Amino acid sequence: MFLRTLVRQSTSNEGLTAYQRLDAETTCSQWKMSFTSRSIFRSLMAAMEELELNTHNTRVKSDHAHMYLYIVREQHIDDLVPYSKRVDIDAEEEESTVEAILKELAHEIHASVGVRMHRLGVCEWEVKLWMASSGLANGAWRVVVTNVTGHTCTVHTYRELEDTSTHRVVYHSISGLGLLHGVPVNAQYQSLGVLDRKRLLARRSNTTYCYDFPLAFETALEQSWAVTYPGTRKPKDKDLLKVMELKFADQEGAWGTPLVPVQRPPAFNDVGMVAWFMELSTPEFPSGRTILVVANDVTFKAGSFGPKEDAFFLAVTDLACSKKLPLIYLAANSGARIGVADEVKTCFKVGWSDESSPERGFQYVYLTPHDYARIGSSVIAHEIKLVNGETRWVIDTIVGKEDGLGVENLTGSGAIAGAYSRAYKETFTLTYVTGRTVGIGAYLARLGMRCIQRLDQPIILTGFSALNKLLGREVYSSHMQLGGPKIMATNGVVHLTVSDDLEGISAILNWLSYIPPHIGGALPILNPSDPPERSVEYLPENSCDPRGAIGGALDSSGKWMGGIFDKGSFVETLEGWARTVVTGRAKLGGIPVGIVAVETQTVMQVIPADPGQLDSHERVVPQAGQVWFPDSATKTAQALLDFNREELPLFILANWRGFSGGQRDLFEGILQAGSTIVENLRTYKQPVFVYIPMMGELRGGAWVVVDSRINSDHIEMYADRTAKGNVLEPEGMIEIKFRTKELLECMGRLDQQLINLKAKIQEARSSGAHGLVESLQQLIRAREKQLLPVYIQIATRFAELHDTSLRMAAKGVIREVVDWANSRYFFYRRLRRKIAEESLIKTVTDATGDQLSHQSAMDLIKSWFLDSNIAGGREDAWVNDEAFFKWKDDLSNYEDKLKLLRVQKVSRQLTNIGDSISDLQAVPQGLAALLSKVEATTRAQLVDELRKVLG
């Protein structure tokens, strides 16, 4: 559809405010636009109103509409910019400045109308205007905007100039060559090209075309810079995004074929998957970080996985693992490819039981001798001869000419499933479900563990219609019913949900902002806007709200009360699943960390009904706060595993009363899940801080699975002054250790009335006044009954005094009592220290060839530090963080010691070689190979040193 309109400009705001769809805020923002922008915006809004009025008119509705706007009045440069931004322009730079202004103008308008246009199928709009100027900008201009995803667009500007060689007016690009550069202005508009047709197909599948995702990454990067550094522009000396596409090194694309970089236009891929190296200039890494992105091409055989796609995905995964780079998978597929041999399908014949009565059935399918001679390689068949002399080739098996019709796709799916699972262990993996994801695509979403799902896209194993046929009745009505966010976001498969693809890409970049650029790299640390020395202002009243403790909360007057971690940095994941535990990532003083916290309120677990079971119904199960259930314990274990793979320090705000140990809980695996928590903490390689927060408590098995002795090299435990901890709660403790008998004995020891009454009983018994004894005993029982509630409280208080954090510190089960208000700054300093120590320990263990344990390496570093001039031999200098940082940051303090460790490592390795005659004989060749790999200068130095050693 092609729409045209004339733009007649007025000098009043009547046209703009006439649109009831614009709220006051939007209207205000539009008035910040320039005069020209408002005119264009008004015309586009009017055009979209007409399109919406005809939404259900099949004669008018189009999947691909093009809007053409012609501004009748001549424009001046002042018309193009808002009044507040008007500047003087040099005559020599007038043309390039106007081009930049027009591009910015187009982007601003698109930001307001792009999403609505995309929904209405408007894929391109252009504006022709005449500039009235005494400089180089005078004349006709054309601005062409391609609406790629609604949130993203491409803008090209052209001059309409006469071609001196042909004397025709043509489009002329000023900077860069646009698609219309050199095309005559009066040429007919071309029909949709390959790229536009592919985009249209992807939009019909309700997703973004794979080749448009790099533009989405660039847009999300711009937004990330704007959020991190508001009011400042992105770096001008560096591109925010550099993209290098990858393809097979040859046309065959067989298993094991390497990938090579390629520069080619979009939509020229011959495989249903595409991949890129992307170098991102992020606020955390302004100089750039590299990631690998692989995406299904949903326009290529519905995004299905065939042998070539499997081989391509495997090659990308292996590349990410070898380079230790983050691997991002953009999923939109239909699972393993299914197919039939078309060459057989078009010519096979049927051997009927009765040629004259086909309804009596058939016996076999066959090929004629002519067809068998032509396509015999596609089948396995045997020859029969009929009575009438006719020869038939009865088909026993159809192999097919093409690869990728059946089980070969399944074996390929198995290969990539194993590879992606391995990638989760060896590097960072993240799947974004941007379109329907089926079968092996669904498994990949789970095997990569970290998953983001678009709210309108399902993750399923089988289509709903196939399930209905299997069940023999119409049970399911849509894919979303099977694998939408209501299912996947509440069962632990999906970590985050987003509403559109730009939000999805932004979520990916935000996730990447918490992890190192590669496995083993440094954490991305930014200077925080929230000062680390700030006190924790959020104060729990009755119980500690986990989100308030982490990121802060508003008080009753609307004032922000800060939590332990940086304001606005907490991103909760797995929010809809196992809600008695809160997991996510945050920053402490700009340092990324993983967080596990505890929900203190009772939550409701909703178990949906399955339409496939007639007796099924929805169940709502209450789950108490501060208790680990099978699902929340599994969630905790999964979060620990993810954080460890991402090399994040870990904070556990421990506030559990214990595990739920009922019959159903044991049946559902509470014991296995709790054991997995222990195992994942035992193998954790980063600093771990377990903190019992204000008003918190940690008891019984819950303490056991997070205790510091599980991994004493990395786990440290702390508690607030008000925190409690013990085997049982006080009420349970007194049931065992302060029974009624002990309570009565305590009363008899402490209550003066009871003491006097018991003395009188003794006197009465000695005097033989038995009637008086009975009355005194009744008085004693009455007194005990009267005092019992008070003494239960006394016993409870007595038991509580065994639970205090001061006792924890006195018994050495926690490292220190940390007051809630000071916890933020304390943990920030402790985190910095631990990160510095871990970095140095890694350097030492690398130098020794992993011969030293973690504790031995720490002891060695401590001895080096105490022997230094900075420490001066004082033992207490070790706890001085500033002195330690000063010593560590000066490499000369321990460089010679590291060299000695490396010498010892190489000596050990050479000594081990000397123990084997065969290894010793291979030394010359090995040495030659080593020398061939090093640069000439280093090689010459090594040769000189070897000559000295050899004499």
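## A selection tour

Start with His-167, which sits in the loop between strand S5 (153-163) and strand S6 (168-173); strands here are DSSP runs of E with at least two residues, and helices are DSSP runs of H or I with at least four, both numbered from the N terminus. This is a predicted model, in which local features need pLDDT of at least 70 and side-chain atom pairs count only at pLDDT 80 or more, while totals for chains, interfaces and linings use all residues. Residues are numbered from 1 along each chain as its sequence is written, and side-chain values use heavy atoms, with hydrogens and water left out.

Stay on His-167 and check the backbone: phi is near 55°, a positive value in a residue other than glycine. Most residues other than glycine have a negative phi. His-167 counts as exposed because its relative accessibility is 58% (exposed means over 50% relative accessible area, buried under 20%, partly exposed in between, with a 1.4 Å probe and protein chains only).

Next select Ala-267, in the loop between strand S8 (259-262) and strand S9 (273-280). Phi of Ala-267 is near 75°, again a positive value in a residue other than glycine. Ala-267 is buried, with a relative accessible area of 9%.

Now show strand S3 (residues 122-131). Of its 10 residues, 8 are buried, so the strand is largely enclosed by the rest of the structure. Strand S2 (residues 65-71) runs parallel to S3 and is joined to it by 6 bridges; two strands pair if DSSP finds at least two bridges between them. On this side, Tyr-68 stands opposite Glu-126 in S3. S3 also pairs with strand S4 (residues 139-147), in the antiparallel sense, over 8 bridges. Here Val-127 stands opposite Val-143 in S4. In a regular strand the side chains alternate between the two faces of the sheet.

Move to the surface and select Asp-88, Asp-90, Glu-92 and Glu-93, which gather in a patch of negative charge. Patch residues have over 30% relative accessible area and no salt bridge, and like charges are joined within 9 Å; a salt bridge is a side-chain nitrogen of Lys or Arg within 4 Å of a carboxyl oxygen of Asp or Glu. Asp-90 lies in the loop between helix H4 (77-80) and helix H5 (94-120).

Finish at Gly-552, in the loop between helix H17 (546-551) and strand S21 (553-554). Gly-552 counts as buried, at 12% relative accessibility.

Notes. Patches are made of residues with over 30% relative accessible area and no salt bridge: like charges are joined within 9 Å, nonpolar side chains (Val, Leu, Ile, Met, Phe, Trp, Tyr) within 5 Å. Accessible areas come from the Shrake-Rupley method with a 1.4 Å probe; for residues, only the protein chains shown count as cover. Lys and Arg count as positive and Asp and Glu as negative; His and the chain ends are not counted. The place of a charge is taken as NZ of Lys, CZ of Arg, CG of Asp or CD of Glu.
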